[in-house]
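We will walk from stop to stop, selecting a few residues each time.

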Amino acid sequence: MSNQHQTTLTAETLRKDITQHLKLSIGKDPEHASLYDWRMSLSLALRDRVVEPWFASTRKTYEGKHKRVYYLSMEFLIGRLIEDVTINLDVEDIARQAMSALGQDYDTVVVDEPDAALGNGGLGRLAACFMDSLSTLAIPAYGYGIRYEHGLFEQHFQDGQQIETAEGWLAQRHAWEFERPEVAYNIHFGGYVSDTDGKATWHPSETVLASAYDTPTVGWKGQWANTLRLWAAKPIKLFDLESFNRGDYVGANAPERLARTISRVLYPDDTTEGGKELRLKQEYFFTSASIKDLLRRFLSEGHKIEDLDQHVAIQLNDTHPAIAGPELVRILIDKHDMGLDQAIDLARKCLGYTNHTLLPEALERWPEDLFARILPRHHRIIEMIQDRHLQATGSDIRIIEHGNVKMGELAFIMAHSVNGVSALHSELVKETVFADLNTTYPNRILNQTNGITPRRWLYSCNPALRNLINDTIGTGWQQDLEKLQDLTVHLDESSFQEAFRKAKTTNKEHLAKWLKSRHDVTLDTSAMFDIQIKRIHEYKRQHMNILETIALWNDIRDNPNADWTPRVKIFGGKAAPGYALAKSIIRLINDVAATINNDPVTRELLQVVYPENYNVSMAEILIPASDLSEQISTAGKEASGTGNMKLSLNGSPTIGTLDGANVEIRDHVGAENFFLFGLTAAQAQEKRHEHGYSRRAIESSPRLSRVLGQIAGGVFSNGDHHRYSDILHNLYEHDYFLVSCDFDEYFDKQREVDAVYRDVNRWTRMAAANTAGMGWFSSDRTIRGYADDIWGAKSVI
Ligand code: 26Q
């Protein structure tokens, strides 16, 4: 397909398009247009340019009867889209010129767009990177999810403590979507199942409408565009006129309110809190709508239902859409009169399941009585799937056990492929959570190491480094990231090193300027920017980082005239609203910042910064400016990590454990360019068997003892001795995540980092070697892996 629609676009044409939209779509005179009006007009003018490649892609898929991939995910953590689209269409300069001709500043308009924050963290952002790569590779695909009215909450700090407020991206019009009122499905809940002549019939008690909203997702150079279809819940009956006529005004609105609740808000937990009825309804709501939609499309092409697996590949992003298995089986047997065995086999051939966690508390389970009440027909079908599994294999692993429906076991048994998201994680999936099922179904578990889209996470967010790379090795790396390897021969050139440093400094100045204007903090850009950005979790060990910060502060105060390496420790991340210990960690970081940043002895050498409300857009500012990437999870607990990849790709070496994809990052960038410390996954597991390990580790570390003593003594809490007793108690008494055991080695490794950083050339070489070595971590590589090993899907151009 040609990309003539892009090559013919000039700044003048785009300017006219924007003016037209301002007038005809927004209804504003340029004289009275606000920033919002200009942003909408620019977005609509850009969206126009995506429509042709989008139609052409759809047409080509129909004509070639190509297999389609359906990526089912509760979360799509997209971020802003203006830059995403201008960059993929290669019209960034044109857009800039067009806006400037209209007297508007392009960059101001770009940052006015709210983030589409329809996800919690890694899993949701992975889905967004996958959409980008599926389009870049021209693999026919649909992303299916929920059009939440409220995305992830906004985080504020009040006296250092996290406060949450509702996010409201849809309070404004979302310029990128097309409403599809004609694409809607009835989704049923509750009721009972009757049996007549051996045929089961579901009589639901409640029905809501799933209504489609489509956003085109365009790939690199506008060659292909797929669809992200998000479902909004609406009432089947708009308004209860009878109640209204009776004078019951509240009652008249009830159906509306009840239905819309389902797509009202994203659950802000990135581990299951379990047993929430609304969450189960959300999961079934979007999964059922998606299955019905893909079946309608499949049947409209005139295929036989038995051939479904030849045209459809469904990927489950964790167990959240695992009800897809029973739903597909239900439709095949209840609506298409297929036999149970055939239906299960056919469904399995279509389904793949990606596991993202080993944490026991994060494995989804539903109380059986709740499940049977909301989805009575599916409950029965799951029992039949289980019976068939038990009989056919002789396994004793059940889906329903101790009054719980276990979604991991359901997804595993109903999928032809189960994959982990890094080499280490996939091995642990085989050895731990699914050890028995792995024996029953050998070779079902695969690995697909995560990746990130280089278009957003290098090309777009880091123009300084992008330009240097272009000048050094030319273009082409944007769609073939392994080309970054060509930088290797330049690593020792002093001109290259100088240019690399200059790019990093530019990015650090940009961050400093942003922090100054947004949070009124002043940064020394010659200091090392040491960054830990991710959800707050005990296993990610932000508390180990802040404890190390205190220890360093102590050492500097003890010896202020030694040759210290100035550092700025930057944190970013949200805690789940119900996760008390994570919230304590946030408060501790903020309290420590308040104390340390005001110490005249250390102020020039050590600073702690924690900007509130970390999100995709903040990541795009922080990542290019990072000198050091903190990836310090307890080995065996981080399935993969993807922030680790973004930071390393942007020239920020890692200090980290052998966990998740860190292992593979270290292999690719070279052990000499990675600061490794800590117990291995196997050693960590061993350690947990040693009775009283944490107290012993603390007592044998004078540094750590002193730090914990200061916290207990109220040094960071205005003399309040109890503010952090939860953290302290946890470290002394359990310390499941082994902070105490890894602390000293972490501290020592940080001092090694200090020394290397002072050797400017050595550091620059190391940072650039990270960029050069990270090509393999493009999500294009990941998607090729899924397409070849799991989906049997092909690139169409
Ligand atoms: C489930 C049920 C009820 C409420 C919430 C949830 C829920 C929501 C989100 C459970 C888990 C999540 C998100 C998990 C997640 O982001 N996992 C991360 O996935 C990344 C992509 O594979 C990995 O890189 C990270 O290692 C992993 O932690």
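Start by selecting Glu 493, which sits in the loop between helix H20 (463-473) and helix H21 (494-519). Helices here are DSSP runs of H or I with at least four residues, strands are runs of E with at least two, and both are numbered from the N terminus. Before going further, note that this is a predicted model: local features need pLDDT of at least 70, side-chain atom pairs count only at pLDDT 80 or more, and totals for chains, interfaces and linings use all residues. Residues are numbered from 1 along each chain as its sequence is written, and side-chain values use heavy atoms, with hydrogens and water left out.

**Into the core**

Next, select Trp 231, Phe 285, Ile 314 and Trp 791. These have the most contacts inside the largest nonpolar core, which has 240 residues. Such a core is a set of buried Ala, Val, Leu, Ile, Met, Phe, Trp, Tyr and Cys residues joined through side-chain atoms within 4.5 Å. In soluble globular proteins, nonpolar side chains tend to be buried together.

Centre on Phe 285. Leaving aside neighbours within four places in sequence, the contacts of Phe 285 (heavy atoms within 4.5 Å) include Ile 187, Phe 189, Val 208 and Trp 231.

**Out to the surface**

Move on to Leu 238, in the loop between strand S11 (225-235) and helix H8 (241-245). Leu 238 is exposed, at 60% relative accessible area.

Select helix H17 (residues 423-431), where His 425, Ser 426, Leu 428 and Val 429 are buried. Looking down the axis of H17, its buried residues fall within an arc of 160°, so they line one face of the helix; the arc is taken from the directions from the helix axis to the C-beta atoms. Those buried residues pack against strand S17 (417-420), helix H18 (435-440) and strand S18 (445-447).

**Buried charges**

Which residue forms a salt bridge with Arg 297? Select Asp 293: the closest N and O atoms of the pair are 3.1 Å apart. A salt bridge is a side-chain nitrogen of Lys or Arg within 4 Å of a carboxyl oxygen of Asp or Glu. Arg 297 is buried at 3% relative accessibility, and Asp 293 is buried at 0%.

Now pick Asp 530 and Arg 567, whose side chains meet in a salt bridge (2.6 Å, N to O). Asp 530 lies in strand S19 (residues 528-533) and Arg 567 in strand S20 (residues 567-572), so the pair ties together parts that are 37 residues apart in sequence.

To finish, select the salt-bridge network that links Asp 530, Glu 548, Arg 567, Lys 569, Glu 630, Arg 751 and Asp 754.

Terms used: Buried < 20%, exposed > 50% of the residue type's maximum accessible area, 1.4 Å probe, protein only.
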